[in-house]
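Hello,

Here is the structure I promised to pass on. Please have a look at it first, and my notes follow below.

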Amino acid sequence: MSEIRNKSKFLRLILGNIVICATVVTLAVFAFAKRSSDAGAQSAEPYYSGKSNTKISLMVNVYWGTEYIAPMLDVLAKYNVKTTFFVGGSWAAGNAETLKAIYGAGHEIGNHGYFHKDHSKLDDAYNRKEIISAHDVVKDVLGVDMTLFAPPSGAFGKGTLAVAEELGYKTVMWTRDTIDWRDHDADVIYKRAVKNIKGGDLILMHPTDCTLKALERIIIETFSNNLGIAPVSEVLNGDIRS
């Protein structure tokens, strides 16, 4: 009997150890999966510059200033410059013909949200609604799917980045800001745009009277530094070599 009890005790000990090991392995697998999931949710990062060594981009964010867009397009066309206009959905909905003119001139169209909200304060559902609503308006007007998202005022949170990535968007910030919405001085705007300019720079601007006055000088100075001007997506991807 003693031998049987000893064997039974031994078997219970073995089974207990197996259960403990299985529990430890399960918890470890769960913890690893959670860390991987969290890392995936936070993997998206905004772009502050591009990979190109030979080109910069002019990011024109549009919610207002419609009256300055046509003359800006004329200046860009004069120098055969193609760049990117990030449009607000509410603006696009009310200015379809101007949106068509921008796209028809060969410029890239990016998403700037629908109502110019502070995306850092929005939950995931509201972030998604803002981005999708703007996307749908541009899709209806132009028949194109945008892939670049510039958060209004540069405000974003981890949820914004994750939602944008989920929707197939790259979140784009800027390298240098002309602050033309605040400082109505063409000389100041020009200097902020071109000081120490280098390949890969993303230069933020808006359609304002003073930006229009500075635009031609910005283009000429960029070219004098042996740099080209291209849409944001092209600058992000870098220089293509054969």
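Which backbone oxygen lies 2.7 Å from a polar atom of the side chain of T222? That oxygen belongs to I218.

Before the rest, two notes on the source. This is a predicted model, in which local features need pLDDT of at least 70 and side-chain atom pairs count only at pLDDT 80 or more, while totals for chains, interfaces and linings use all residues. Residues are numbered from 1 along each chain as its sequence is written, and side-chain values use heavy atoms, with hydrogens and water left out.

**Around T222**

T222 sits in helix α8, residues 209-224 (helices are DSSP runs of H or I with at least four residues, strands runs of E with at least two, numbered from the N terminus). Its relative accessible area is 0%, so T222 is buried (buried means under 20%, exposed over 50%, partly exposed in between, with a 1.4 Å probe and protein chains only). Not counting residues up to four places away in sequence, T222 touches I56, I197, L227, G228 and I229 (contact means heavy atoms within 4.5 Å).

**The cores**

The largest nonpolar core has 44 residues, and L58, V87, V138 and I218 touch the most other members. Helix α8 gives the most to this core, with six residues. Another core lies apart from it, with 11 residues, among them M59, V172, L204 and L236. (A nonpolar core is a set of buried Ala, Val, Leu, Ile, Met, Phe, Trp, Tyr and Cys residues joined through side-chain atoms within 4.5 Å.) Leaving aside neighbours within four places in sequence, the contacts of L58 include I218 and I229.

**The largest pocket**

The largest pocket holds about 220 Å³ of space. Of the 14 residues that line it, N61, H116, S153, W181 and H206 are the closest to its centre. (On a 1 Å grid over the protein atoms alone, a pocket is an open set of points where a 1.4 Å probe fits, with protein on both sides within 12 Å along at least five of seven lines; lining residues have an atom within 4 Å of a point. The volume is the space filled by probe spheres set on the points, which are joined across faces, edges and corners.)

**Two loop residues**

Most residues other than glycine have a negative phi. I179 has a positive phi of about 50 degrees, and its place is in the loop between β6 (176-177) and α7 (186-194). N196 has a positive phi of about 55 degrees and lies in the loop between α7 and β7 (202-205). At 63% relative accessibility, N196 counts as exposed.

Best wishes

Technical notes. A polar contact is a pair of N or O atoms within 3.5 Å; within protein, one must be able to donate a hydrogen and the other to accept it, and residues adjacent in sequence count only if both atoms are side-chain atoms.
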